[in-house]
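We'll then walk through it together, piece by piece.

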Amino acid sequence: MAPDPEADYWTVADVAEYWGVSPQTIRSYRSRGRGELPKEDRMFNRSPVWKPATIIGFERLGQGTRTDLQ
C-alpha cells in the first residue's frame, strides 16, 4: 500500500515504500548527505520526516550517478 500523499508527514518507512527501496537505503542516503535525499522537513524526537510534496517533487539521481563528484 502506497503512503498517503495527503498525510502531514512521511516517515523513513513511507519514503522507502514510495521509492521502492528499503528503509535502510533511505537511512544510508540521509547519512551520506550526497543529495540522494532532500533534507528532512522536520524532526520528531530523533526521527526525520518529510512533507509528501517534498519527496514527490524531488528529482532523484539515476542509478549509477557519481554522487562523490558533486
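What follows is a tour from the overall layout to the core and then to the charged pairs.

First, some ground rules. This is a predicted model, so to speak of a local feature we need a pLDDT of at least 70, and side-chain atom pairs count only at pLDDT 80 or more, while totals for chains, interfaces and linings use all residues. Residues are numbered from 1 along each chain as its sequence is written, and side-chain values use heavy atoms, with hydrogens and water left out.

How confident is the predictor? That is what pLDDT tells you: it is the predictor's confidence in each residue, from 0 to 100. The chain averages a pLDDT of 91, and 87% of the residues score at least 70. Helix α2 has the lowest confidence, with a mean of 96, and strand β2 (residues 47-49) has the highest, at 98.

Now for the layout. The chain has three helices and two strands, and if you read along the sequence, they come in the order α-α-β-β-α. Here helices (H or I, at least four residues) and strands (E, at least two) are DSSP runs, numbered from the N terminus. How do the parts of the chain meet? Take contact to mean heavy atoms within 4.5 Å. Of the contacts with a separation of 6 or more, 45% are between residues 24 or more positions apart.

Next, the inside and the outside. A residue is buried under 20% relative accessible area, exposed over 50%, and partly exposed in between (1.4 Å probe, protein chains only). By that rule, buried residues make up 26% of the 70 residues in the chain. The accessible surface of the chain comes to about 5,000 Å², and 45% of it belongs to carbon and sulfur atoms. Those areas come from the Shrake-Rupley method with a 1.4 Å probe; for residues, only the protein chains shown count as cover.

Let's go into the core. A nonpolar core is a set of buried Ala, Val, Leu, Ile, Met, Phe, Trp, Tyr and Cys residues joined through side-chain atoms within 4.5 Å. Which residues form the largest one here? There are ten: W10, V12, V15, A16, W19, I26, Y29, L37, W50 and I55.

Finally, the charged pairs. A salt bridge is a side-chain nitrogen of Lys or Arg within 4 Å of a carboxyl oxygen of Asp or Glu. How many does the structure hold? There are three.

Start with R30 and E40, whose closest N and O atoms are 3.3 Å apart. This pair links distant parts of the chain: R30 is in helix α2 (residues 23-32), and E40 is ten residues away, in the loop between α2 and β1 (42-44). R30 is partly exposed, at 36% relative accessible area, whereas E40 is buried, at 18%. Apart from neighbours within four places in sequence, E40 is in contact with R30, P48, V49 and W50.

E40 also forms a salt bridge with K39, the closest N and O atoms being 3.2 Å apart. Through shared partners, salt bridges join R30, K39 and E40 into one network. K39 is exposed, with a relative accessibility of 64%.

The remaining pair is R32 and E36, with closest N and O atoms 2.9 Å apart. R32 is partly exposed, at 39% relative accessibility. E36 is found in the loop between α2 and β1, and it is buried, at 13% relative accessible area.
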